[in-house]
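Hi,

Here is the structure I promised to pass on. Have a look at it first, and then read my notes below.

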Amino acid sequence: MKKVKSLADLKKMKEQFQSNINLREKSEHPEGLVQVKVAMATCGIASGAKDVMDFMITNLEKRNIDAIVTQTGCMGYCYAEPTIEIRLPGQDPVVYGYVDVKKADEIIEKHIRQGELVDGIIPINYETI
Amino acid sequence: MHILVCGGTGCHASSSNLLLENLKEQVDENELSGEVQVIATGCFGFCEKGPIVKMVPDNTFYTQVKPADATEIIQEHAIKGRQVTRLLYKDPVNKETISDSRKMGFYKKQIRIALRNCGLINPENIDEYIAADGYIALGTVLSGMTAEQATKVMIDSGLRGRGGGGFPTGIKWDIARKVEADQKYVVCNADEGDPGAFMDRSILEGDPHSVIEAMIINGYCIGADHGLVYIRAEYPLAIERLKIALNQAREYGLLGKDILGSGFNFEIEIRYGAGAFVCGEETALIHSMEGHRGEPTFKPPFPAQSGYLGKPTNVNNVETFANIPVIFNKGAEWFASIGTEKSKGTKVFALAGKINNVGLIEVPMGTTLREVIFEIGGGIKDGKKFKAVQTGGPSGGCLTEKHLDTPIDFDNLLASGSMMGSGGMIVMDEDDCMVSVARFYLDFTVEESCGKCTPCRVGNKRLYEILDTISKGKGTHKDLDKLRNLGDVIKDTSLCGLGQTSPNPVLSTMDNFWDEYIAHIEDHRCPAGQCKELIHYTVVEENCVGCTACARNCPVNCIAGERKEIHFIDQSICIKCGACLEKCKFNAISVS
Amino acid sequence: MGKLKVKIDNKLIEVEQGTTILEAAKKLSVEIPTLCYMNLGDMNIEHKPGGCRICVVEVEGRRNLAPSCATDCHDGMEVKTHSIRVLNARRTVLELMLSDHPFDCLICAKSGNCDLQSTAIKLGIREIQYQGEKSTYKPDLSPAILRDMDKCIMCRRCEKMCNEVQTVGVLSGIYRGFEAVVAPAFERDLDHSECTYCGQCVAVCPTAALTEVDHTNQVLRALADPSKTVVVQTAPAVRAALGEEFGMEPGTLVTGKMVAALRQLEFDYVFDTDFAADLTIMEEGAEILGRLNRHLSGDKSVKLPILTSCCPGWVSFFEHHFTDLLDVPSTARSPQQMFGAIAKTYFADKIQKNRKDIVVVSIMPCVAKKYECTREEFSVDGNPDVDFSISTRELANLIKRANIDFNKLPDEEFDAPMGESTGAGVIFGTTGGVIEAATRSAYEMHTGKTLEKVDFDQLRGWEGIRQATVDFDGFQLKIGIAHGLGNARKLLDDVRSGKSEFHAIEIMACPGGCIGGGGQPLHHGNSAILKARQKAIYREDANKPLRKSHENPSIIKLYEEFLGKPLGEKAHKLLHTKYFRRGNIICIEPDVREAESI
């Protein structure tokens with residue numbers, strides 16, 4: 001991996017990484033990527049987030065859905081762990097709480113496949129700077 | 001179209017379940033099921049104006065919706081595409097109606113600065129951190145600012161330490177910067193120990209690079225080339241993510257020699273703590289890192305003068321560090337514009353206890369307890385009555401109804417007899433006995449005192465014992481005098497912050513819930529029905545049908561009675577587990 | 001830096017920057033009570049952990065009370081040392097301390113000599129309001145030191161001595177909160193630790209948490225047994241301190257009264273360890289010269305420097321910490337053990353007794369001596385050369401129990417032959433004394449000339465590490481001296497790394513040497529007492545007609561009649577020893593307390 005030599009280098013990298021992420025976030029193509037984030041902090045993992053994440057990775061692939069599953073930190077909804085965020089191309093993200101494997105299956109089939117929201121949405125109640 | 005109906009406890013209590021059914025019915029009746037979906041969601045956190053209904057994708061936000069409003073919402077909004085104006089949220093200040101939830105004041109109640117990347121980026125991928133402005137602040141500082149200028153930014157921002165003390169971070173840096181020494185250290189205090197507080201862990205798990213970046217900036221400002229993270233070994237995931245982040249930063253040359261071509265060197269190593277609460281105190285932390293017993297020593301000398309290995313050392317906690325890159329990216333003025341006059345920025349709180357939305361929240365300083373508990377936190381569980389909120393962990397005090405509208409900041413909490421601490425917030429309802437609460441916290445401090453000074457070592461033990469006596473109904477009025485005197489002396493004479501604050505839970509509950517103490521002493525009664533020694537389960541004879549459910553479930557076989565006859569509880573054997581009460585379907589068991 | 005103006009209890013004083021409130025108050029004759037604080041200024045030992053909180057005072061403008069021992073004065077400071085707030089706090093803190101302390105003052109070993117007790121008296125405590133659970137720990141009975149941690153008040157003075165002064169590192173705080181206590185790691189017994197039994201922890205303990213193991217009853221039983229001949233030896237430092245136990249000024253010499261008291265206690269023979277000290281010089285001096293000469297003549301198998309070996313705490317220390325240097329110290333036994341070996345052979349023959357019928361008791365300023373006499377190599381068929389070693393304090397107690405009015409005793413002389421000694425034997429009791437005694441004899445043996453001036457002032461003093469060069473008729477003998485094991489460690493580290501240039505080094509485990517031993521009357525943190533004792537030792541030396549060990553007629557006779565020559569075969573068997581590689585003891589056993597609770 002090459003070293004970052006200066007602030008200018010760093011800014012260039014930032015542009016590049018940001019556009020990468022934006023590309024997959026704001027994909028113009030209808031077949032664009034689905035982004036799934038699983039909150040994998042201690043609270044999430046303790047409530048079963050690992051199983052959900054594994055399920056998501058294997059099943060999205062199995063069902064031929066072009067998606068990226070990533071882990072992320074604590075979203076703050078510890079009462080409703082495990083929580084996952086689904087972002088369909090061009091849409092606002094939706095967070096689900098109390099996700100188990102069964103729920104994850106429902107989310108894949110209904111939300112990701114058909115764009116239908118399912119029960120258990122947690123409204124995002126904060127603003128990130 | 002999706003119709004989101006809040007299914008949180010608060011809204012549920014206001015019949016949101018009926019509303020949900022009515023909406024579904026209407027959808028079916030109008031044969032809209034192909035286009036409109038009605039979905040129950042979690043709490044919107046705006047229970048005060050519940051039940052809440054949100055229309056997606058146009059984000060129309062209806063408040064205080066009654067089951068009868070279902071028809072109108074479907075007819076007008078879903079079919080005709082017209083908003084139901086009377087159900088829209090009215091801004092309490094300018095009385096304007098706001099339809100888009102994203103423009104509502106409520107949604108600005110939480111601002112995530114320290115937690116900005118938690119839940120947003122993959123903590124194990126430095127590229128995502130860089131994409132989110134990561135290390136830009138470091139680059140800016142290293143390539144265009146002197147140590148003095150950068151420190152000035154910190155002073156101007158007004159950031160105060162988030163670990164509990166609330167000391168201005170910039171001034172702390174400035175003191176360490178001005179001390180001359182051949183070697184200085186930067187220490188990140190990740191020894192989060194307040195029961196129920198886990199914001200530091202979450203930051204390290206969700207955004208470790210922000211802490212690393214801030215530590216390097218800190219090193220540059222005070223002239224240190226070595227940083228240490230003191231983290232408790234019980235945080236394995238945080239440790240693992242931090243290690244990954246450190247390696248990635250090293251690979252990118254953001255850590256190590258000649259960072260970003262500036263000639264500045266900085267290295268960070270991890271030191272493990274064994275989970276002693278007192279090691280959150282900076283002198284105890286330093287001793288622990290040096291391989292000694294984790295005990296505080298007298299200040300002065302302050303760590304800025306003589307810290308790790310006798311060298312000037314700046315200690316800040318995780319949350320404090322997490323704020324710092326943003327301050328450099330957005331400017332000190334921007335940061336100082338958030339919060340109150342003397343407490344700038346935001347604070348992360350770990351909401352716990354009898355509250356619906358247990359979790360981590362981040363609000364600007366100056367937010368009231370009411371907003372935190374009832375709006376963000378979704379109110380009290382099971383619709384019970386709010387009784388008190390404990391802030392500042394075992395060092396803090398219990399605040400009551402009368403403090404609910406106090407804006408939260410360092411000074412206001414202190415003035416109300418509690419403190420900010422590291423941001424634990426435990427909410428209690430009418431079923432919580434305040435004597436037990438005080439006893440619980442004392443139990444913690446007795447366990448966690450290092451034992452070095454007499455008042456903390458023995459005094460807290462005695463406080464605990466007196467509280468225990470009172471909770472068993474065996475206390476006397478003299479015990480109350482003893483609690484007061486002992487509490488005052490412990491605060492007045494203890495060596496470190498642990499002992500100087502440990503009587504706060506006792507003293508504040510005595511101040512605010514005197515009647516409860518008196519009830520335990522004079523009436524041998526626990527008003528909240530929580531103190532086991534003071535409650536009795538008895539059979540209400542007129543309700544008992546002799547079903548034997550209670551007798552069958554009693555773990556100690558203390559309930560006697562034949563089938564279809566009135567049962568009887570033998571008080572001398574009863575262990576007050578409450579199983580009988582739980583199993584009885586006829587309201588035939590009472591607690592007194 | 002200018003002076004600071006400070007007002008304490010409405011009295012003004014000017015002090016230097018860096019003066020604590022406690023020190024400033026002392027200058028105004030305001031005696032703030034302290035417990036954990038300890039200052040042995042002459043030895044550079046200051047302990048102010050700020051833990052007991054007894055010395056708290058009110059400082060104008062300060063939120064909470066300040067510990068006066070650890071708070072520096074600042075200009076314009078106003079201090080109240082006995083406001084109602086302070087008195088209440090101080091009293092409450094002391095009550096708390098007492099509430100976790102056994103109430104057995106009537107039968108406690110330290111009663112009347114206990115800092116906690118005297119503080120309670122000073123503060124007028126008549127009631128303990130805060131009662132509750134008391135912490136209990138398993139008692140730990142080692143060969144020399146008794147740990148009764150129920151009486152520990154966590155002043156941590158012992159820890160200071162063990163870790164920082166002695167660098168032995170056995171005692172430290174363990175457990176937390178109410179259970180916190182000072183103990184060896186994992187709450188092991190001292191016996192299973194690297195403890196040297198130097199006894200400095202005992203010397204500074206304010207309560208009876210750390211005391212010497214009491215052997216007075218065994219001694220009384222031996223004295224009462226008609227079948228036993230009981231022989232007593234008294235170490236040099238005892239006579240310079242025993243008087244303090246009977247209200248005499250520190251530094252009063254009580255040699256004659258001590259002998260008289262021992263006779264009244266009905267010891268059959270009252271002898272002097274100083275005799276054995278002279279004997280030690282004969283052996284050690286010969287050994288020094290032998291090693292020196294061989295070394296100088298190019299024999300590389302001989303190591304220099306040679307280290308003294310008369311201090312049992314020091315011997316344990318190097319057996320644990322410097323196992324690679326076991327061939328460096330002299331092989332000469334300590335005077336106590338040389339005495340025992342001679343008493344049970346040479347002297348036993350003289351009085352025609354079997355060694356089993358002789359009981360040798362030693363009066364020592366030391367607690368490590370109790371351990372030393374239990375070492376296996378110092379016994380024959382299970383019969384120890386020295387049966388019991390009791391401390392100066394224990395002797396004082398025996399004298400009191402026997403209804404003897406010590407102050408009114410006449411001066412009496414030691415018995416012959418093992419009571420005869422020279423000034424060289426006496427100065428064994430202070431730091432620098434052993435090497436000075438050795439130098440006196442070695443000089444004459446080496447040069448064949450008579451030493452004109454026997455006082456070697458360059459070897460005397462208080463500094464923890466001293467060095468001097470003595471002219472041996474052209475040959476410059478380089479001597480090093482250390483007292484306190486921490487200082488010893490520094491010299492030993494130099495020896496280990498080959499940096500040491502000394503030919504001979506004297507080491508004593510206790511600060512000040514035996515006069516500051518763990519078995520001496522308690523100094524309660526007053527180092528002036530130790531200085532007075534040292535002066536008395538040198539006074540006793542100066543008053544002796546003979547000042548060089550090899551001139552002691554009884555010693556000369558002993559060699560003629562019995563031993564032959566120094567380092568001879570018999571001398572080697574009876575007067576020399578070997579050392580054991582003890583190393584760092586790490587015991588990994590299941591926790592005893594847990595095992596008991598199962």
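**Where chains A and B meet**

Let's start with the interface: 42 residues of chain A are in contact with 53 residues of chain B. Contact here means that the C-beta atoms of two residues, placed from the backbone, lie within 7 Å. The elements of chain A that give two or more residues to this side are α1 (7-25), α2 (42-46), β2 (67-72), β5 (121-122) and β6 (127-128). Which element gives the largest share of the side of chain A that touches chain B? That is α1(A), with eight residues.

By class, the side of chain A that touches chain B has 23 nonpolar, 12 polar and seven charged residues. Nonpolar covers Ala, Val, Leu, Ile, Met, Phe, Trp, Tyr, Cys and Pro, charged covers Asp, Glu, Lys and Arg, and the others, Gly among them, count as polar.

The two chains also share some strand bridging: two bridges join β6(A) to β7(B) (residues 111-112), and these strands run parallel. Strands pair if DSSP finds at least two bridges between them. Thr128(A) stands opposite Arg112(B) in β7(B).

Before you go further, keep in mind that this is a predicted model, where local features need pLDDT of at least 70, side-chain atom pairs count only at pLDDT 80 or more, and totals for chains, interfaces and linings use all residues. Residues are numbered from 1 along each chain as its sequence is written, while chains are lettered from A and ligands numbered from 1 in the order in which they are written.

Two pairs of chains are in contact, and chains A and B share the most contacts. Chain A and chain C do not touch, and their nearest C-alpha atoms are 28 Å apart.

**Chain A by itself**

Chain A has four helices and six strands, which run α-β-α-α-β-β-β-α-β-β from the N terminus on. Of its 129 residues, 43% are buried. A residue is buried if 20 or more other C-beta atoms lie within 10 Å of its own, exposed if 12 or fewer do, and partly exposed in between, with C-beta atoms placed from the backbone. Take the contacts in chain A between residues at least 6 apart in sequence: 61% of them join residues at least 24 apart.

**A sheet in chain B**

Chain B has an open sheet of four strands in the order β10-β9-β8-β11, with parallel pairing. The edge strands, each pairing on one side only, are β10 (267-273) and β11 (313-317). Seven bridges join β9(B) (residues 226-232) to β10(B), and Val229(B) has Ile270(B) as its bridge partner in β10(B). Helix α9(B) (residues 208-222) lies across β8 (185-190), β9, β10 and β11 of chain B, running at about 150° to β8(B). For that angle, axes are lines fitted to C-alpha atoms, for helices over the stretch in contact, and angles run from 0 to 180 degrees between N-to-C directions.

**A helix in chain C**

Look at α3(C) (residues 115-122), where Asp115(C), Leu116(C), Thr119(C) and Ala120(C) are buried. Why are they on the same side of α3(C)? They cover an arc of only 140° around the axis, so they share one side of the helix. The arc is that of the directions from the helix axis to the C-beta atoms. As background, an α-helix has 3.6 residues a turn, so residues three or four places apart point the same way. What covers the buried residues of α3(C) includes α2(C) (84-99).

- Pro300(B) and Pro301(B) are joined by a cis peptide bond, with omega about 0°; Pro301(B) sits in the loop between α11 (282-289) and β11 of chain B.
- Ala416(C) and Pro417(C) are also joined by a cis peptide bond, with omega about 5°.
- Asn587(B) is not a glycine, yet its phi is positive, near 55°. Asn587(B) is exposed, with 11 other C-beta atoms within 10 Å.
- Asp381(C), again not a glycine, has a positive phi of about 50°. Asp381(C) is exposed, with 6 other C-beta atoms within 10 Å.

Cheers
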